[in-house]
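Reader: Hi! Could you walk me through this one? I'm new to reading structures.

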Amino acid sequence: MTIIGKIATMFAIRKEQPELLIAQAKAFSRQVPMMYLVVLVNAFALAYTHLESAPKALTFGGPLVLTLACAVRMLSWWRLREQAMDADRALKMLSGTVRAAGVLGAAFMAWSLSLYPYGDAYQQAHIAFYMAITVIACIFCLMHLRPAALIVTAVVLAPMVLFFGFSGQTVFQAIAVNVAIVAAVMIVILLIHYREFADLVAARVEAQKLSDDNDRLANLDSLTGLPNRRRFFREVDLHVARAREEGRGLFVGVLDLDGFKPVNDAFGHATGDRLLIEVGRRLEAFDARPLFAARLGGDEFGLIIDASLTADEVRQLGRSLCDVLRQPYRLPGVTAQVAGSIGLCPFPAGGDTAEQLFERADYALYHAKQNLKGSAVLFDERHEADIREISRVEQALRRADLVREMHIHFQPILDTAGGRTVAFEALARWSSPELGDVPPGVFINAAERSGQIVQITRVLVQKALSAVRNWPMDMRVSINLSVRDIASMETVEEIIEIVRQSQVAPHRIDFEITETAVVNDFDQARAALAAFHALGARTALDDFGIGHSSLNHVRLLPLDKLKIDASFVSDIDHHRPSEDIVKTMLELCRNLRIDCVVEGVETDVQRDKLTSLGASYMQGYLFARPMPASAVADWLAGESRRKIRAQRTKAVVRPAWDEEFGLQGLG
Ligand code: C2E
Ligand code: CA
Ligand code: CA
């Protein structure tokens, strides 16, 4: 660049850096009032020392006109200051300042020099001093705006140095030299300062960009490219705040894939990842405008439907979304089929805060998963009542004296071929002084959610085993464990320790865990089951067939028994698919050489059907309802009597358990 080019750039405003413009305007804004104050006060002081000697037009008129001009500038600054600062506005302010610096600088200079002929030596010295000191103050104040500072220096100092340099007065010549040197040094410092200021702004811009990038990445799910959990909750907050302001509604949703885990287990994580990416793509492409989708983790997604829809409309939208997700996924080497269950919660009806809305959407999702897999459920008053009930149970449970209030009922498991009880399943019962008898389906769920289940299990295992001590030595007991009970080796060790102290031989115990517990953390479940095996106990997979059934689970876990869920039995006599499923599961157990217990047998027809399919271990109301510990001895004695009677009459074993043990009221 030529010297002239360089000088030209020094005098130009850098339009290409908007951030610099804004920073300059902001920095300069703070100094504007000070600068005009100095300029005007000094001008009035100079006018005052010339009151007697110079014409009034100069001593009064000059400062008045200059004050007016300064006031106009100040006013225009003030007006611009009140508006939000952007690059255009900053450029306008700064260009105006550069122009004003030239015009006002020249005007002040001309005015002060015009006083020169009227004064004596003192007054002339005052003029030189006034000009030098005022311009230095101005250069300081204009430091962030290089062109303005340079222009002021040029239009004021250059004429002044020339004027006094050629005045013929040695003192003034010396002053001219002094001022020229000071001005030169100040310009150098000004240039350095300005460059540093520009660099600082550039560094700040760069840092901001990096932090924006970081922020973007920190809010993005790296696999699917969707917003992540953190961003989701921030968005819910924002959307809710906006909807509240505008007095309208919206919906917060949670989506969970059904059948994702089996795909992941069977075809590997890479395939699972592809599937999730495709789900993300479908959510993004879902052409309902108001939908915001984020990945919360695993196979769980968060949704915001930012529109005041009716309940029917939002359900319809949920249904369409479910339909989209149900379409087959063509992945490398496999075509997978999964579904999505969705829970939705309306704002403001369902909740007021992001947490509340999410929690309730999650509750609605839980309902969808339990009752309407692959569909969308909208949180409503019924759920609200459920939640109140659950929280009542949770609170009562927290206050409960577990040892006194918890007890156990035992339900026989029969070997129907031999016609005898081989084990009892221990089933928890809670008689709460506050709530009365609470069904296990309710309080076990509540305890699982609150985490109290671990303490409850300890009490139940102790109670169950102390009952077992009075049973015949060949009678086994089946004990239910929850996800939380096997979620860490510490809790597993605690259970093992209770068994060790119970004086019941571990080989008489079966520990039942559900498929859901296995799916939750497969490796941990396997380690827990292995620990029970090492102790000498046996293990059973409960409620088989209704969870995320995967043959892999059965194959890879150290299991001794499967328990076929009652839901397959209830319609086995008139629903062909149920019959086929039970047949397959029995076959599977035979192949794996593990036992199989069929649960929920209620009728003779069901029992006969199951027998014809090859089932022998059965449990259900047909044989006996769960009974208190005190009834077990009578039950076993009755069974022996029945057997002897049967042998005597040589009758086929077809016991009428029901008649002998009034079945009512025990369950
Ligand atoms: P589960 O482990 O599947 O237990 C079998 C359930 O089926 C018991 O319900 C039992 O009373 C019921 N049942 C037995 N025969 C029949 C029948 O013929 N027809 C029908 N409809 N039902 C039958 P219960 O005692 O209400 O327990 C419900 C669930 O609560 C249990 O299901 C189990 O998941 C849980 N649970 C019970 N006790 C415990 C426990 O001590 N610990 C844990 N973690 N869970 C428990
Ligand atoms: Ca069970
Ligand atoms: Ca079961």
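**Ligand and calcium sites**

Author: Happy to! A polar side-chain atom of Asp542 lies 3.0 Å from an oxygen atom of ligand 1, a polar contact being a pair of N or O atoms within 3.5 Å; within protein, one must be able to donate a hydrogen and the other to accept it, and residues adjacent in sequence count only if both atoms are side-chain atoms. This is a predicted model, where local features need pLDDT of at least 70, side-chain atom pairs count only at pLDDT 80 or more, and totals for chains, interfaces and linings use all residues. Residues are numbered from 1 along each chain as its sequence is written, chains are lettered from A and ligands numbered from 1 in the order in which they are written, and side-chain values use heavy atoms, leaving out hydrogens and water.

Reader: How much of ligand 1 does the protein bury?

Author: The protein buries 77% of the 790 Å² that ligand 1 exposes when taken alone. Such areas come from the Shrake-Rupley method with a 1.4 Å probe; for residues, only the protein chains shown count as cover.

Reader: And which residues are closest to ligand 1?

Author: Of the 20 residues that surround ligand 1, the closest are Gln411, Ala428, Ser482, Glu602 and Tyr621; a residue is near if one of its heavy atoms lies within 4 Å. Gln411 has a side-chain N or O atom 2.9 Å from a nitrogen atom of ligand 1.

Reader: Which strand gives the largest share of that shell?

Author: That's E9, with 4 residues. Strands (E, at least two residues) and helices (H or I, at least four) are DSSP runs, numbered from the N terminus.

Reader: Switching to metals: what are the protein donors of the calcium ion (ligand 2)?

Author: They are Glu425 (OE), Asn480 (OD1), Glu512 (OE) and Asp542 (OD), 2.1 to 2.2 Å from the ion. Donors are N, O and S atoms within 2.8 Å of the metal (3.2 Å for Na, K and Ca); water is not among the atoms, so sites may look incomplete.

Reader: Why does the pair Asn480 and Asp542 tie together parts apart in sequence?

Author: Asn480 lies in strand E11 (residues 476-480) and Asp542 in strand E13 (residues 538-544), so the pair links parts 62 residues apart in sequence. Asp542 also bridges the calcium ions that are ligand 2 and ligand 3, which lie 3.9 Å apart.

Reader: Is Asp542 buried or exposed?

Author: Asp542 is buried, at 5% relative accessibility. Buried means under 20% relative accessible area, exposed over 50%, partly exposed in between (1.4 Å probe, protein chains only). Asn480 is partly exposed at 30%.
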